[in-house]
Amino acid sequence: MNGVLRRFLWPAVALLAVGALALTLLVALRSPPDAVGEPVTVASGTTAPALTGRTLAGADFDLTALRGQIVLVNVFASWCEPCRTELPLLVDAERRWSGRGLRVVGLDVRDGPDAARALLDETGAGTLTVVADPRGDTAVSWGVRGVPESFLVDRDGRVRQRAQGAITAAWLERWLPPLLAP
C-alpha cells in the first residue's frame, strides 16, 4: 500500500504545486505593476489636483505657480500613438494663444525620460513644459484612465474641461477662447 500511495501521491502533490504557481502568476500578471490605487474622477469646476515635480529639463514645477493663466494639462506617454499625433497640435495651440495666457503642460506617465525626450523631439514639441510621472501617481490623482487625456484649468486653478483621448483643433476652438477672454 505504501508504494501505491507514493506512486499516486507525489504526482498529485506536484500537480497541485504547479496549479498553485500558475494561479499566482495569473493573478500577478493581471494586476498592474506598482499599482497606485483607484483613479479619482476630477469633475468640472473642482480645484485641479496637485501637479508638482521635476520637468524633463530638470526644473522644479508647481501648477499653482501658474494661477492667473489658462493651463492645458496633457497626459501622454512615448509609447502612445495618438499622443504622438496630438503633440504638434498642442505646440501650435501654445504658440497661437500664449499671448492671451495659455500654457501647455505635459505630464509624461510611466515612461523613461529618454523615451519622452525622443518623442518630444520627433514631434517638434521639445519646447513644452513636461513633468515626469514615472509611477503614474500624479495621473491617478487627476483621475486619468488612459493616454492621451487633457484637462483645461482656468485662471483660478479649477478644472473646466476634460478630454479623454486625443484632442482636436475643433475641441480647442470650442473650449479655449471663452476661457482666454479677459
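Predicted model: local features only at pLDDT ≥ 70, side-chain atom pairs only at ≥ 80, totals over all residues.
Colleague: Is Arg110 buried, exposed or partly exposed?

Modeller: Arg110 is partly exposed, because its relative accessible area is 35%. The backbone is worth a look too: phi of Arg110 is near 45 degrees, which is a positive value in a residue other than glycine.

Colleague: Okay, let me zoom out. How many helices and strands does the chain have?

Modeller: There are 5 helices and 7 strands in the chain. Starting at the N terminus, the order is α-β-β-β-α-β-α-β-α-β-β-α.

Colleague: And what share of the residues is buried?

Modeller: Of the 182 residues in the chain, 37% are buried.

Colleague: What about contacts along the chain? How much comes from residues 24 or more positions apart?

Modeller: If you take the contacts with a separation of 6 or more, residues 24 or more positions apart account for 75% of them.

Colleague: Back to α3, since we started beside it. Which of its residues are buried?

Modeller: Those are Ala116, Leu119 and Leu120. Looking down the axis of α3, you would find its buried residues within an arc of 100 degrees, so they line one face of the helix.

Colleague: Why would residues a few places apart end up pointing the same way?

Modeller: An α-helix has 3.6 residues a turn, so residues three or four places apart point the same way.

Colleague: What comes after α3?

Modeller: In the loop between α3 (113–122) and β5 (129–133) you will find Thr123. Gly124 also follows α3, and its phi is positive, near 75 degrees.

Colleague: Is Thr123 buried or exposed?

Modeller: Thr123 is buried, because its relative accessible area is 13% and the cut-off for buried is under 20%. Not counting residues up to four places away in sequence, Thr123 touches Arg84, Leu87 and Pro88.

Colleague: Let's talk about the inside. Which residues touch the most other members in the largest nonpolar core?

Modeller: That core has 27 residues, and Leu72, Leu102, Leu128, Leu172 and Leu176 touch the most other members. At least two residues each come from β3 (70–76), α2 (81–97), β4 (102–109), α3 and α5 (169–180). The element that gives the most to this core is α2, with 6 residues.

Colleague: New topic: which residues does the disulfide join?

Modeller: The structure holds 1 disulfide, and it joins Cys80 to Cys83, with the sulfurs 2.4 Å apart. The torsion about the S-S bond of Cys80 and Cys83 is about 85 degrees, so this disulfide is right-handed.

Colleague: Are those cysteines buried or exposed?

Modeller: Cys80 counts as buried at 4% relative accessibility, and Cys83 is buried with a relative accessible area of 0%.

Colleague: How many aromatic pairs are there?

Modeller: The count comes to 1 aromatic pair. Trp142 and Phe151 form that pair, which is edge-to-face, at 5.0 Å centre to centre and with 65 degrees between the planes. Trp142 counts as buried at 1% relative accessibility, and Phe151 counts as buried at 0%.

Colleague: Last one! Which peptide bond is cis?

Modeller: The one from Val147 to Pro148 is cis, with omega near -5 degrees. You will find Pro148 in the loop between α4 (137–141) and β6 (149–153).

Note on methods. Residues numbered from 1 in each chain as written. Heavy atoms only, no water. Helix = DSSP H or I, 4+ residues; strand = E, 2+ residues; numbered from the N terminus. Buried < 20%, exposed > 50% of the residue type's maximum accessible area, 1.4 Å probe, protein only. Contact = heavy atoms within 4.5 Å. Disulfide = S-S within 2.5 Å. Phe/Tyr/Trp six-rings, centres within 6.5 Å; stacked < 30°, edge-to-face > 60°. Core = buried A, V, L, I, M, F, W, Y, C linked by side-chain atoms within 4.5 Å. Arc of directions from axis to C-beta.
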